[in-house]
Amino acid sequence: MNAFKAYKACVPIAWSANLYITLVRGIPGTRRLHRRTLEALRLGKCNRTVMRWNTPTVRGMLQQVKRLVVIETEEMFKARKQKDANHRAVRPPLVVSHLPSPASDSSQ
C-alpha cells in the first residue's frame, strides 16, 4: 500500500474545522499552476504536513492538487501521530538466558 492510500481520508472533510494537508508526491514534473498552489499552501517538500482552516478557498486549492496531497481531519491526524509514536517507542530489552532453568534440573 502506498503512502497516498495509507493516509487517504475516509471522513467527509466538511465536518472538520481544521484540515491537515500532507504532500505525498513530488513537485518536479507537475504543472506550474499546481506548483504555485502548493507554494500558497506552504507545502515545499514531500511528507510535510501543514494545518489550514477548512474554508472554501482552501478546499478549492486542494481540489486542484488532490492527486499530490492527502487531507486529514484533526482526529485522524492525531490518531496517526499517536500510532507512529507508539511504533517508535523504546521497548524493554528482551532478556534471554542460556543457562538451564532450575525446573529442568529437578526433573533429572
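The secondary structure of this predicted model comes to five helices and three strands. Read along the sequence, the elements follow the pattern α-β-α-β-α-β-α-α. The chain has 108 residues, and 28% of them count as buried. Its accessible surface is about 8,300 Å². Carbon and sulfur atoms account for 56% of that area.

Strand β1 pairs with both other strands. With β2 (residues 49-53), the pairing is antiparallel and runs over five bridges. Within this pairing, Thr22 has Thr49 of β2 as its bridge partner. With β3, β1 again pairs in the antiparallel sense, over five bridges. Here Ile21 stands opposite Ile71 of β3.

The burial of β1 is complete at the residue level. Six of its six residues are buried, so the strand is largely enclosed by the rest of the structure. In a regular strand, side chains alternate between the two faces of the sheet. In β1, Asn18, Tyr20 and Thr22 point one way. Leu19, Ile21 and Leu23 point the other way. Both sets are buried.

The largest nonpolar core contains 15 residues. Those with the most contacts inside this core are Ile21, Leu23, Leu38, Leu41, Leu43, Leu62 and Val69. Leu38 illustrates the packing. Leaving aside residues up to four places away in sequence, Leu38 touches Leu23, Ile27, Leu43, Val65, Leu68 and Val69. Ile21 and Leu23, both listed among the core residues with the most contacts, lie on one side of β1 together with Leu19.

Charged side chains contribute one salt bridge under the criterion applied. This salt bridge joins Glu72 and Arg80. The closest N and O atoms of the pair are 2.9 Å apart, within the 4 Å cut-off. Are the two partners buried or exposed? The threshold for burial is a relative accessible area under 20%. Glu72 has a relative accessible area of 3%, so Glu72 is buried. Arg80 has a value of 13%, so Arg80 is buried as well.

Methods: Residues are numbered from 1 along each chain as its sequence is written. This is a predicted model: local features need pLDDT of at least 70, side-chain atom pairs count only at pLDDT 80 or more; totals for chains, interfaces and linings use all residues. Side-chain values use heavy atoms; hydrogens and water are left out. A nonpolar core is a set of buried Ala, Val, Leu, Ile, Met, Phe, Trp, Tyr and Cys residues joined through side-chain atoms within 4.5 Å. Buried means under 20% relative accessible area, exposed over 50%, partly exposed in between (1.4 Å probe, protein chains only). Contact means heavy atoms within 4.5 Å. Helices (H or I, at least four residues) and strands (E, at least two) are DSSP runs, numbered from the N terminus. Two strands pair if DSSP finds at least two bridges between them. Accessible areas come from the Shrake-Rupley method with a 1.4 Å probe; for residues, only the protein chains shown count as cover.
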